Amino acid sequence: MNTAAEFCLRLGDSDLVLSQRLGEWCGHGPVLEEDLALTNVALDLLGQARLWLTLAGDLEAEAGGQHRTEDDLAFLRDAGQFRNLLLVEQPNGDYAQTMTRQYLFDAWHLPLLNALAAGGPARIAAIAAKAQKEAAYHLRRSRDWVVRLGDGTTESHRRMQTALDGLWPFTGEMFAADAVDNAVVPLTDLQTPWREEVSATLALATLELPAAAWMQKGGKQGVHSEKLGHLLAEMQFLQRAYPGAQW
Amino acid sequence: MVALPQVWEWLQEVSDPEIPAISVVDLGIVRDVRWHGPELEVTITPTYSGCPAIQVIAGDIASHLRAHGVQPVRLTTRLAPAWSTDWITERGREALRQSQITPPAPPGLTAIAPQVACPHCGSGDTECVSTFGSTPCKALYRCRACREPFDYFKPLA
């Protein structure tokens with residue numbers, strides 16, 4: 001796969017996997033409004049994933065490779081071929097874990113989309129310009145929840161800190177740029193503004209910024225935890241059991 | 001060949017499947033209509049990336065135009081520039097109000113927190129219950145004055 005296609009695949013896979021995780025909450029949200037919000041964010045991310053995966057397939061074909069559709073890419077690849085961030089495949093856990101994961105992702109997603117919309121190649125910029133408006137809305141909501149739960153009861157505070165400490169080692173990968181990232185966007189430049197945004201929110205939420213720790217990576221290169229396999233087993237079941245099924 | 005103003009008039013009759021009061025033209029979804037020889041091309045832009053209504057809308061547009069004798073019809077999706085609630089026409093905003101949905105803050109005012117007026121009693125004393133509502137484009141509000149819940153069409157600019 002060529003560089004631009006690979007880059008689109010990374011964004012598309014992160015959107016798709018996070019969307020699937022959020023979809024797991026459907027019918028299980030703590031209150032009706034949250035159930036709707038989680039699934040609406042999932043829907044936005046799924047829509048974005050479709051655009052990125054379609055473009056990835058087109059770019060691959062234009063470079064002389066085979067032409068794969070969004071469905072081929074979503075349903076017919078195994079875990080080792082997925083390029084999503086490890087952060088988004090982490091399980092939902094409790095609400096603290098789901099909202100912390102969302103916030104850490106949104107705070108990265110929005111400035112990345114802004115950078116792509118402003119300076120990315122035309123077709124990538126078009127998708128980013130569309131997605132950035134949705135991402136801004138997602139960030140506002142997940143930031144509110146981090147503050148509300150962090151600065152909430154003793155129990156909610158404890159759970160938030162636990163979630164934050166557990167997810168923190170998966171944040172380094174978001175800024176660990178390789179040749180694929182560097183060809184499209186200066187990813188490393190986004191780290192300082194991200195850290196400032198996160199620090200300010202955590203201060204409001206009375207949460208401790210985790211100490212510098214060893215960072216896990218590999219998702220963007222296809223090295224995943226077994227958690228992704230379980231997620232894909234559910235997401236891809238229908239196409240695997242009944243190849244080519246349509247409805 | 002049918003004149004384009006006539007086509008636009010027909011498109012005014014196609015409504016959003018989830019908010020039937022408003023037409024797809026007043027919602028700002030139809031970006032362009034043009035003839036390519038005998039074929040009519042209708043360019044539409046999606047509202048929210050994942051909004052499932054867009055596929056229904058594309059189908060409704062094609063079948064409505066076919067019913068008026070226009071065929072073949074080609075539907076093209078255009079992403080850039082991205083759809084904005086600023087593209088909702090004044091007629092569209094009024095149609096939303098009539099269906100008890102508060103329209104998005106007008107162009108230019110979307111950056112600041114807008115005062116969201118209750119579509120039932122007009123009071124500005126309202127609160128957001130949930131940032132997401134019954135469709136991707138709406139948030140759920142409640143009026144403190146008349147106690148009624150209502151939908152707010154989220155500004156996206």
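Predicted model: local features only at pLDDT ≥ 70, side-chain atom pairs only at ≥ 80, totals over all residues.
**Entry: helix α10 of chain A**

I looked up what the buried residues of α10(A) pack against, and found α1 (3-23) and α4 of chain A. The buried residues are A:L228, A:L231 and A:L232. I then looked down the axis of α10(A): these residues fall within an arc of 95°, so they line one face of the helix. The face turned away from that buried side carries exposed residues, namely A:E226, A:A233 and A:E234.

Next I went to A:A212. I found A:A212 in the loop between α9 (191-204) and α10 (226-235) of chain A.

**Entry: helix α7 of chain A**

I turned to α7(A), which covers residues 154-167 and has 14 residues. From first C-alpha to last, α7(A) reaches 20 Å, close to the 20 Å expected at 1.5 Å a residue. Which residues of α7(A) are buried? I listed A:R159, A:M160, A:A163, A:L164 and A:L167. Down the helix axis they fall within an arc of 135°, so they line one face of α7(A). On the other side I noted A:T154, A:E155 and A:R158 as exposed. I looked for what covers the buried residues of α7(A), and the cover includes α4 (86-89), α5 (95-119) and α6 (122-150) of chain A.

**Entry: a sheet in chain B**

I moved to chain B and traced an open sheet of four strands. The order is β4-β7-β6-β5, and the pairing is mixed. Its edge strands are β4 (101-102) and β5 (126-130), each pairing on one side only. I followed β5(B) to β6 (residues 138-143) of chain B: four bridges join them, and they run antiparallel. One residue I looked up was B:S130, whose bridge partner in β6(B) is B:L140.

**Entry: where the chains touch**

Last, I looked at the contact between the chains. How many residues does each chain give? Chain B gives 15 residues and chain A gives 18. I sorted the chain B side by class: ten residues are nonpolar, five are polar and none is charged.

Key. Residues numbered from 1 in each chain as written. Chains lettered and ligands numbered in written order. Helix = DSSP H or I, 4+ residues; strand = E, 2+ residues; numbered from the N terminus. Pairing = 2+ DSSP bridges. Expected span 1.5 Å × (residues − 1). Buried ≥ 20, exposed ≤ 12 C-beta atoms within 10 Å, placed from the backbone. Arc of directions from axis to C-beta. Contact = placed C-beta atoms within 7 Å. Nonpolar A, V, L, I, M, F, W, Y, C, P; charged D, E, K, R; others polar.
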